[in-house]
Structures are given as C-alpha cells and as structure tokens.
Amino acid sequence: VKSSPPPPTKDEETGKAPVEKDLYFVQIASFKEKETAENLKDRLAQKGYKIQVTAVQLEGIGLRYRVRLGGYKNLQEALDAQTKVSVEEHITETMVVSEP
C-alpha cells in the first residue's frame, strides 16, 4: 500500500517560516519606578520564579515597568504559576497575558 505525502501546510505553500506560538505570562505588577520593579523581580527570582521586567509606553499614562512571570508554553502552566504566586507570595491582583 502506497502512502501519499501529507498535504502541504500553509507555511509550505507560502514559503514563509512557521509562526511561533504565543507564550503566556502572568503579569503581577506594573510600576512607574524601574527600581521598584527590579526589587520585586530580584526578590521573586531568589525564590526560584522565572521572572522579567519589561518597559512599556502606555498612551496617556507614560512609561511603566511590568513585572511578569513566564513565558510559559501553554495556558495551564501560566494559570498554575498565577495560583502559586497568589498563595505563596500573597500577590492577588494578577492577570495572564499572551504574546508572540
């Protein structure tokens, strides 16, 4: 029995590189001062959290420094991290976001 090759994917048809899947992050804080964001990052990193600070310019608000856990490959990993930081660190005002 001959098997035929699978039909080409859209990426093969266009010749473009495959698009990377989104990564998930748990945003745990946003600060005006970079030093405050870095201090929180350092404290949580010492406890083993995978954490980063990113600067963003928000229209009408200005520059903010977001403290995020991640990037997780799937939503469930992000939700688990969100629960962990809520229970262990008592940080409850968080949200899960995704980015490419």
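This is a predicted model: local features need pLDDT of at least 70, side-chain atom pairs count only at pLDDT 80 or more; totals for chains, interfaces and linings use all residues.
Which residue does Arg43 form a salt bridge with, and how far apart are the closest N and O atoms?

**Entry 1: the Arg43 pair.** Arg43 forms a salt bridge with Glu89, and their closest N and O atoms are 3.3 Å apart. I noted that this pair links distant parts of the chain, since Arg43 sits in helix H2 and Glu89 in helix H3, 46 residues apart.

Entry 2: Lys47 counts as partly exposed, at 46% relative accessibility. Through shared partners, the salt bridges join Arg43, Lys47 and Glu89 into one network.

Entry 3: I next looked at Lys41, which forms a salt bridge with Glu38, the closest N and O atoms being 3.9 Å apart. Both residues lie in helix H2, three residues apart, or about one turn of the helix. Lys41 counts as partly exposed at 25% relative accessibility, and Glu38 counts as partly exposed at 23%. The count of salt bridges comes to four.

**Entry 4: helix H3.** I followed Glu89 back to its helix, H3 (residues 75–89), which has 15 residues and reaches 21 Å from its first C-alpha to its last, close to the 21 Å expected. Its buried residues are Ala78, Ala81, Gln82, Val85 and Glu89. They cover an arc of only 105° around the axis, which puts them on the same side of H3. These buried residues pack against strand E1 (23–31), helix H2 (34–46), E3 and strand E4 (95–99). At the N-terminal end, Asn74 caps H3, with a side-chain oxygen 3.1 Å from the backbone nitrogen of Gln76. Just after H3, I noted that His90 takes a positive phi of about 60°.

**Entry 5: Arg68.** Is Arg68 buried or exposed? I found that Arg68, placed in strand E3 (residues 62–72), is buried, with a relative accessible area of 4%. The side chain of Arg68 makes polar contacts with the side chain of Gln27, at 3.1 Å, and with that of Glu99, at 2.6 Å. Beyond its neighbours within four places in sequence, Arg68 is in contact with several residues, including Phe25, Lys50 and Val97.

Note on methods:
Residues are numbered from 1 along each chain as its sequence is written. Side-chain values use heavy atoms; hydrogens and water are left out. Helices (H or I, at least four residues) and strands (E, at least two) are DSSP runs, numbered from the N terminus. Buried means under 20% relative accessible area, exposed over 50%, partly exposed in between (1.4 Å probe, protein chains only). A polar contact is a pair of N or O atoms within 3.5 Å; within protein, one must be able to donate a hydrogen and the other to accept it, and residues adjacent in sequence count only if both atoms are side-chain atoms. Contact means heavy atoms within 4.5 Å. The expected span of a helix is 1.5 Å times one less than its number of residues. The arc is that of the directions from the helix axis to the C-beta atoms. A salt bridge is a side-chain nitrogen of Lys or Arg within 4 Å of a carboxyl oxygen of Asp or Glu.
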